[in-house]
Amino acid sequence: MTEGDQTSIAFVLAAGLGTRMRSRTCKVLHPVAGMPLLAHVLSTIAAVGARPVVVLSPESEPARAILPPDVPVALQDPPRGTGDAVRVALGATDARDGVAFIVYGDTPLVRPSTLERLRALLSERGAVLALLTGEVGADNAYGRVVRDARGDVDRVVEVRLATAAERGIPESNFGGYAADVAWLRTAVPRLRPNETGEVFLTDLVGLAREEGRTVAAHRVEDPSEGLGVNTRVDLAVADGIMRRRIREEHMLAGVTLVDPDSISIDAGVRIAPDVTVERGSVLEGRTAIGTGTRIGPYAILRDTVVGERCRIEQSTLEGATLEDEVSVGPYSHLRPGAYLERGVAMGNFGEVKASRLGAGTKMHHFSYVGDAAVGKDVNIGAGTITLNYDGVSKQRTEIGDDAFIGSGTLLRAPVKVGRGAATGAGALVTKDVPEGMLAVGMPARAIKKYQRPRKDAG
């Protein structure tokens, strides 16, 4: 972080009503790529080393819930325009010098490098204000940027007040700024309401020019950075752009995406190099995937940690943890609290919930294990079910190392199957099975010592 970073603050304007979203959820909490709009903006601010001050209104007050406890909040009540929002934000910080970024809470696509460029322009041009601009054609509602002979900003003209020639200017003001804090403190109190009673931030340009000050502008190559989300249509566009960026970043970092456009990856997902994600897969939340793993096709992972060299095919994993060299699927379901140790193999149409399967355990197909502790190298036969709910509460099942659970076994919890024990096909286990014993029948009873067959090492 540079010396300038240490004195940077960022005013995040998030007091808008968001009426065009037609939602009970305040606008800045709507998600893009699995994160609220406001969270994306805060992440960008953190990347440039700036300290945020978030401006909220009574309507957007619920957004406070996602803010870190050390982030100051300035309440704008009532919301009276962007200039008034900055006035409120200035009152929430004691910063007197340095650089202030001014960004909107509904612009998730602004890149850290863009804010860095705005900050650099202040010193390069000797400016007190730097604007974020872009070219989006002449048919838009953004204010037009008129530059002077030196290439700096002469004025910003609202579309409704622009002449025909000015409306034809391709460069538009996107509404992101960097400003000298000391100057901002003198200028903002001089902003005046317009005929609607709102105080506009763009009027700062005129104040600076009247003083003979320089106003610079950074025209971004990617105009999507200026996209503000005001409707559900805007939200979908922003989500698509963000997900494309995320996919590209992962591929450049060494991840293979098969048919990338069919794959959805949230912003919080971490993927190691040499992972392959096949078509139709969805990676959500705080999912993390280790190197050498292959995901999909058509797998869904949500808030799941996957180790190295795993194989997950056409299955759904939610809140699960997999150690290295685990295989899952196709058509399996891991629910919250599932923990599969190294080398576990789980086949088609299996389900695990709030259970730990020990290293090397095989659960090949058509089985349900819930609220259980399963030891190492256990064989769980097809159709096995832990009957974990007694109508009032969940009960635990324990299965020891090297046990063999026959096909169609029903384990009525609470129950324990000892180390090296076995159940016969179709057994209904209602009582504990001692270590090393075979239990058969309905209800099952232990009938003899059990010696588990071993595969011929040759």
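**The second largest pocket**

Sixteen residues, or 16 on the slide, line the second largest pocket, and His40, Ser43, Thr44, Met242 and Glu249 lie nearest its centre. A pocket here is an open set of points on a 1 Å grid over the protein atoms alone, where a 1.4 Å probe fits, with protein on both sides within 12 Å along at least five of seven lines; lining residues have an atom within 4 Å of a point. This is a predicted model, so to speak of local features we need pLDDT of at least 70, side-chain atom pairs count only at pLDDT 80 or more, and totals for chains, interfaces and linings use all residues. Residues are numbered from 1 along each chain as its sequence is written, and side-chain values use heavy atoms, with hydrogens and water left out.

The volume of this second pocket is about 360 Å³, counted as the space filled by probe spheres set on the points, which are joined across faces, edges and corners. Two or more lining residues come from each of α1 and α7, and α7 gives the most, with 5. Helices are DSSP runs of H or I with at least four residues, strands are runs of E with at least two, and both are numbered from the N terminus.

**Helix α1**

Why is α1 described as largely enclosed by the rest of the structure? Because 8 of its 11 residues, in the range 37-47, are buried, meaning under 20% relative accessible area with a 1.4 Å probe, protein chains only. His40 and Thr44 are among the buried ones. Just after α1, glycine 49 has a positive phi of about 75°.

**The core and α7**

The largest nonpolar core has 59 residues, and Leu283, Leu301 and Ile312 are among those with the most contacts inside it. Such a core is a set of buried Ala, Val, Leu, Ile, Met, Phe, Trp, Tyr and Cys residues joined through side-chain atoms within 4.5 Å. Helix α7 provides the largest share, 5 residues. Leucine 283 is in contact (heavy atoms within 4.5 Å) with Ile265, Val277 and Leu301, among others beyond four places in sequence.

**The largest pocket**

The largest pocket holds about 1400 Å³ of space. Its lining has 40 residues, with Arg20, Thr82, Tyr104, Phe200 and Asn230 closest to the centre. Strand β10 gives the most to that lining, 4 residues.

Note on methods: Buried means under 20% relative accessible area, exposed over 50%, partly exposed in between (1.4 Å probe, protein chains only).
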